Amino acid sequence: MDVLANLALGFQTAMSLSNLFYCLVGVFLGTAVGVLPGIGPIATIAMLLPITFGLPPVSALIMLSGIYYGAQYGGSTTAILINLPGESSSVVTALDGYKMARQGRAGLALATAAIGSFIAGSAATVLVALFAPPLAELALRFGPAEYFSLMVLGLVASIVLASGSLLHALAMVVVGLTLGLVGTDVNSGVARYSMGLPQLADGIGFVVIAMGMFGLAEIIANLEDESQRSAIIKSVTGLMPSREDWKRILGPIARGTVLGSALGILPGGGALLASFASYSVEKKLSKTPEQFGNGAIEGVAGPESANNAGAQTSFIPMLTLGIPANPVMALMIGALMIQGIQPGPGIITEQATLFWGVVVSMWIGNVFLLILNLPLIGLWVRMIAVPYHLLFPAIMVFCAIGVFSLSNTTFDVYLMALFGLLGYVFRKLGCEPTPLLLGFVLGPPMEEFLRRALVLSEGQASVLVTEPLSAGLLAVAAVLLATVLLPSIRKKREETFVAED
Amino acid sequence: MGIRNPRDFWAGAIYLALAAAVIWIARDYQTGSTARMGPGYFPTALGSILALFGAVSVGRSFLKPGAPIEPIAWKPLALVLGSTVLFGVLLDRLGLLVALPCLIVVSSLASRYTRPDLTSFAALFGLVAFCILVFVRGLGVPMPVIGPWLGG
């Protein structure tokens, strides 16, 4: 079996003492920062990214993945304990998780989330191992036209699945694409939009934008409304689910895993959509739907599993196509490129150790998450209790030093402040910054693939629609866009995202 | 006829301004042909699309009513961004030992719960020590601890 041999290679890589260590540190740091209220996974990863620069690529990616799961799990902990979801996909967890915590069942809710995440994560890891290689093989046959269309589809899908106004989401993608123009044009060597500044000749750093728009802008927004949070829960007891509980959570976990795995591959809010879908499925299937919203354990088990499965399978398009399914994956691509590795279909064959090492470490990361989090819940509870006014200056310090360390220049610190301002203004105007980030990452490769496609077709733009595969991808994008514009679906979509708020 | 949706209006205005800048600067870059795109081709195309979105957004703001823009939190905005810039300015000249405390103190003024009490000062000293130990000593980030103006 090919897969088994590959997994063996992966185990060899991931089980090396140093990689195990980085995975553990990643999961620990990710959870520690992720539980801090007001810091989502994107800000967490952006903040911790510079720590991984000195590591070899495999270890760096393993540690980053660990940070990602840790941050996600940390976000769920915060959602359950103080009803403050750090990111949109734990909004659903907060619905019933927080109710459970208020009923004195916080330990059970946290354990359910951890167990559900573990089972879902393990299943999704197998899916990544099974499906990534054939997808990469298919992608190797893609020409530039197919790639361009695939990226268009990716961007459109991310908009459709994101919340907020469609027009502004589209515009934010284009703003992101435009920001991606800054820097030296690879074909002509012209330094575009660099304003004569040598620091901009290599383009704007991805981390600078992420930290500005998600780190600083989030801090400003949080300081706007400084109501004191009440961390009522002092100690958490009663972790282990009873036999009765197990019976109730296994079904939701299984269904959540399937839903999450499928939706996680989609660009955009895959994980978010998955947790919403899982919640409504469980509510429909339940014999006691009235319990949902009042502390139903199924309402924690299902969405948490879906969420984590989606987080795992979103690695598939990132590792095989080089296309980020969400901003976190965009950060991962940025991190890989800093390490000198171009994500894409070649990665599985050319960087087999890296690919399989990361896949196996996903599973190991989930094991760590389980054994680390349940005993350490006391520590997380104490971290949550740290008041925000002591917390945010520390976040700013880590952002500032982190951004400086990217290329050891204070220029990036100023640039981060500028993007903090931009991010805050866009937030005020109701424009979500997430599509901007995806556009920024995909901009340069899109231009490159478009150019190549048109060179090959001798200037016939019709190549994008005459090549069957490319035409198919564009057609899917067009259908997606058209369906969102249909009045009935539009209304439904708005309702869904209103419920989220 | 007035603006009925200020959010749409101002977002659209930003798109239009950005689009104009993008297209204006791209005039200096060769456009080339569709088969051989120059460095100006893609930017001009993007700028035009953005201008279109901007126009739609501004146009829509006169037709469809929408929520007003919530008040801007000037104090946190100025202190958070200002302290970040201040950190950059001070780091190059006076070094980390001055820049970090300034960043922490100035930014923390943005919260109304900040008090000059023992906890705050302990956190300040702990954070500065942590950063110097971990980032400068441990990870080797080349930041001057004591800057050139102080003879570092």
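1. In this predicted model, A:R192 forms a salt bridge with A:D185, with 3.8 Å between the closest N and O atoms; the term requires a side-chain nitrogen of Lys or Arg within 4 Å of a carboxyl oxygen of Asp or Glu. Both A:R192 and A:D185 are buried, that is, under 20% relative accessible area (1.4 Å probe, protein chains only).

2. A:R451 also forms a salt bridge with A:D185, the closest N and O atoms lying 3.2 Å apart. This pair links distant parts of the chain, 266 residues apart: A:R451 is in helix 19 (residues 434-456) of chain A, and A:D185 is in the loop between strand 1 (183-184) and strand 2 (191-192). Helices (H or I, at least four residues) and strands (E, at least two) are DSSP runs, numbered from the N terminus. The relative accessible area of A:R451 is 6%, and that of A:D185 is 4%.

3. A:E447 forms a salt bridge with A:R451 at 3.3 Å between the closest N and O atoms. Shared partners join A:D185, A:R192, A:E447 and A:R451 into one network.

4. The count over all chains is 10 salt bridges, whereas between chain B and chain A it is 0. Contact (heavy atoms within 4.5 Å) involves 65 residues of chain B and 61 residues of chain A.

5. Local features need pLDDT of at least 70, side-chain atom pairs count only at pLDDT 80 or more, totals for chains, interfaces and linings use all residues, and side-chain values use heavy atoms, leaving out hydrogens and water.

How values were computed. Residues numbered from 1 in each chain as written. Chains lettered and ligands numbered in written order. Buried < 20%, exposed > 50% of the residue type's maximum accessible area, 1.4 Å probe, protein only.
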